[in-house]
Amino acid sequence: MKLSHDELKGLMKNKLMRAGLKEDHADMTAEILTWSDERGYHSHGAVRVEYYSERIAKGGITVDPKFEWKETGPCSAIFEGDNGCGYVASTLAMEKAIDMAKNTGIAVVGIRNISHSGSIGYYTEMAAKKDLVAIAFCQSDPMAVPFGGTEPYYGTNPISFAAPTADDRTVVFDMATTVQAWGKILDKRSRNEDIPDTWAVDEKGQPVTDPSLVNALVPIAGAKGYGLMMLVDIFAGILLGVPFGKHVSSMYHDLSKGRDLGQMYIVMDPSRFAGLDEFKKSMSQSLDELGDMPAAEGFGKVYYPGERAVMRCDKAYATGGIEIVDEIYNYLASDDIHYDRYDNKNRFAE
Ligand code: NAI
């Protein structure tokens, strides 16, 4: 099923409101989910609405949260999320961080006690669209072994950064720090296909190719990715005084409780460093130089981070809309709020 931006957003907004979210919160959340789907990040788009609706309906997302903005210094602040919708808290906190960075040159903003916030590139892109550079770190539930370990300790702990240019390009880098998402392993399992031995490990911490033996995901680039996961956990967890490491709550355990997740933004104003015009000009030059480089055999081009997402978005609208699988469309178009599919599943929500 192909849908326009407004059709998809409208269906998701309606469902989230039926589950109990306030209209403005549902609107903000549906906008970000649509942003993900139209860029081809389908793992963080409409596919998540049923899970959020179940969690909202069961009380695990505060529908009338008492958000609090506490400045802890001239350029540092905590945004208390009261376990409200992660998308809303993350958007409002970035709006505040943008204002602070415009005033002080840098804003370091920690968001405490929120639910899942989706594709974090949306929030760093918000800053880049206001001529700032930003980096974001976000906790997620433990499903990756530390390098050399046997038990899941860290989440897929994503990192995003974004930067403006002198033209209409925006760099938006946005990645999980695991080699693969758990969803890809479930997909292979359902098709009875092996996985590459670089994706996951068994209970002894050994690489597996049989997806039914997977106990945990592995960090990208071995010990280096492990270090990045730890970086995220320190900045978005330990530094904010929220549960960290293996104590981070599971996405699919007890949907009646808040998740208490942490997220961190560092937003900087280039005008305090190289100067805004020079920064943007150099960014454009850098992207031109990368894009003009002869591509290696097997590659069409050297892309900048986020370029292919914009291309997928343009292609979707040029070919009739955002492709949404029938099962998800049917759920969104139905009167059902959720099908009790997610509560108290194992940590990987099979
Ligand atoms: P990915 O592997 O699709 O892309 C990672 C990055 O690499 C992107 O910035 C992309 O622009 C860049 N990239 C990919 N191919 C490229 C190429 N050929 N040339 C240049 N750059 C290229 O992303 P991943 O790791 O699968 O993450 C997907 C989404 O999941 C992200 O939006 C992330 O924020 C989200 N996520 C959210 C979590 C949460 O708990 N909130 C947890 C984990 C992931």
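Okay, let's start at the ligand: one of its oxygen atoms sits 3.3 Å from a polar side-chain atom of His-116, which makes a polar contact, meaning a pair of N or O atoms within 3.5 Å; within protein, one must be able to donate a hydrogen and the other to accept it, and residues adjacent in sequence count only if both atoms are side-chain atoms. Overall, the protein covers 73% of the 860 Å² of accessible area that the ligand has on its own, with areas taken from the Shrake-Rupley method and a 1.4 Å probe.

Before I go on, this is a predicted model: local features need pLDDT of at least 70, side-chain atom pairs count only at pLDDT 80 or more, and totals for chains, interfaces and linings use all residues. Residues are numbered from 1 along each chain as its sequence is written, and side-chain values use heavy atoms, with hydrogens and water left out.

Who else is around? There are 19 residues around the ligand, and Ala-176 is one of those that come nearest, along with Gly-118, Ser-119, Asp-174 and Gly-306; being near takes a heavy atom within 4 Å. Strand E7, residues 170-175, gives the most to this shell, with four residues; strands here are DSSP runs of at least two residues, numbered from the N terminus.

Now zoom out. The protein is divided into domain 1 (2-61 + 307-333) and domain 2 (68-272), with bounds from an automatic or database domain assignment. Their contact takes 21 residues from domain 1 and 26 residues from domain 2, where contact means heavy atoms within 4.5 Å.

And where does the ligand lie relative to domain 1 and domain 2? Both domains give residues to its shell, so the ligand lies between them.
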